[in-house]
Amino acid sequence: MAKDFFKNRRKRVISRMLEKESSELKPLAEMEGQERSEFVMILPSASDKLMSTGTYYPFVQDSNFHYLTGFVEADAILLVSTVKGLPFPQHKATLYVSERDELMANEMVTGFRAGTELAKKLTGVDETKDIETFAEDMKQFAKSNFKIWGDVQPGRIGNMSLHSRHIHDGIITAVQNEAEIFPLSPLIQQIRADKTPEEVDIIGKAAGISAEGLLDVMIASRQHRCENYLSSLFEFGCRSRGAEKVFSTSTVVAGGERAIMPHYDQNFGQVEDGALVIASASPRVSGYTARISRTWPNHKKIKVSLDQLWTYMIVTFSQRLFDLGFFKNQKLSREQTFGVIARSLSKQFIGHHIGLDLQDQILENTRDRLRAGHVLNIMPGLHIPADPIFPEKYHNIGVRIEDTVALTKDGAKVLTDLVPREIHEIEGVLGLEI
């Protein structure tokens, strides 16, 4: 994405802050001799996470920091402030980064550092500074009656290491000067809910990659029964087509009774002949993720009883389980029945926002209406345990059909539609006799 793209996002955040102060805001021409509220926003990046002595986990950037900078380096801080004397929402963006290590000792372990000069060229911020100067700069804002927006209060701090080293002292000064402090993440996540066409295109690319990778796995499962082999093939298929090294969550390939565990990701089992296989993956492209899941038989044609269950799940889901004999001998109300379904059969919500995070916008009010610009992960699933309250012929069956869907002004567009969902289409992909 172009540098102006991130600049416009920062401007949107400042504008949203100003909306919350709308009763106090006046044009500069009407404020001669008066003081106005000024704002400063603090947003730290993620840090490298130690796996063992001298070894680190693959780096994944903080999603909000990525959203406003596009910068994928660890241990940086973005500071965005309004500027006294300039009309809102004009602002100044300063990125604090670690300087280059001349001896390259640290960079040999954790990777290349851009330093202040290159970081400014890469991001297009107004200024870059050594992160060691941040604490003193922050204290000056804290003393100057700026309203502070940042996740700096207990329970909201995402990067405690960076906070304690560079941010904490400035916040103490702000508290001592009775500065107002507001949480930042809810504000940014409200904005992130509405995807631009450019964002939808990137998610669509990730969705296409995930779909092609899954088709590789479905075909290979006819000959290869090892879950580890199939999950490795899934990830290779996505990365070889342009996905990033780190996926948004572990890849799942589960056969037989392991398919009833929604988050099974050990992938060490062997898929028995004729068993169902569930496969799920969440590849990332330019930081954005898509998610896809499908269920299929690795060898034999799907049985008629499962055919009914599959169709009911796609079309009417839980309301039709009664027709298959579920809860037949149970004296439960409708509400109690749906409670059993939620606890035992469908342990996940029907869907959620997706974007820079697999579960994007977790702070978004689930009662809000969906609208064009939202991108969703729709994930109907049934995971039926060997419980006597359920018909025995369905015991240890797991079915999941998961897609990434973009909402547009013309309706919903399934971005992972390359992989079929209907039984006869899946059987066609697998070359099974119908």
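**A walk through the strands and cores**

Author: Happy to. Ile77 stands opposite Tyr96 in strand S5. Before we go on, this is a predicted model, with local features needing pLDDT of at least 70 and side-chain atom pairs counting only at pLDDT 80 or more, while totals for chains, interfaces and linings use all residues. Residues are numbered from 1 along each chain as its sequence is written, and side-chain values use heavy atoms, leaving out hydrogens and water.

Reader: Great. How many bridges join S4 to S5?

Author: Six, and the two strands run antiparallel; S5 covers residues 91–97. Strands here are DSSP runs (E, at least two residues) and helices are runs of H or I with at least four residues, numbered from the N terminus. Two strands pair if DSSP finds at least two bridges between them.

Reader: And which strand pairs with S4 over five bridges?

Author: That is S1 (residues 38–44), also in the antiparallel sense. Leu43 stands opposite Leu78 in S4.

Reader: Is S4 buried or exposed?

Author: Six of the six residues of S4 (residues 77–82) are buried, so S4 is largely enclosed by the rest of the structure. Buried means under 20% relative accessible area, exposed over 50% and partly exposed in between, with a 1.4 Å probe and protein chains only. Ile77, Leu79 and Ser81 lie on one side, and Leu78, Val80 and Thr82 on the other.

Reader: Switching topic: which residues have the most contacts inside the largest nonpolar core?

Author: Val13, Met17, Leu78, Leu95, Leu184 and Trp296, in a core of 61 residues. Such a core is a set of buried Ala, Val, Leu, Ile, Met, Phe, Trp, Tyr and Cys residues joined through side-chain atoms within 4.5 Å. Helix H8 gives the most to this core, with 11 residues.

Reader: What is Leu184 in contact with?

Author: Leaving aside neighbours within four places in sequence, its contacts (heavy atoms within 4.5 Å) include Val13, Met17, Met41 and Trp149.

Reader: Nice. One more: which residues of H12 are buried?

Author: In H12 (residues 423–430) they are Ile423, Ile426, Glu427 and Leu430. They cover an arc of only 100° around the axis, which puts them on the same side of H12; the arc is that of the directions from the helix axis to the C-beta atoms.

Reader: What follows H12?

Author: Gly431, with a positive phi near 75°.
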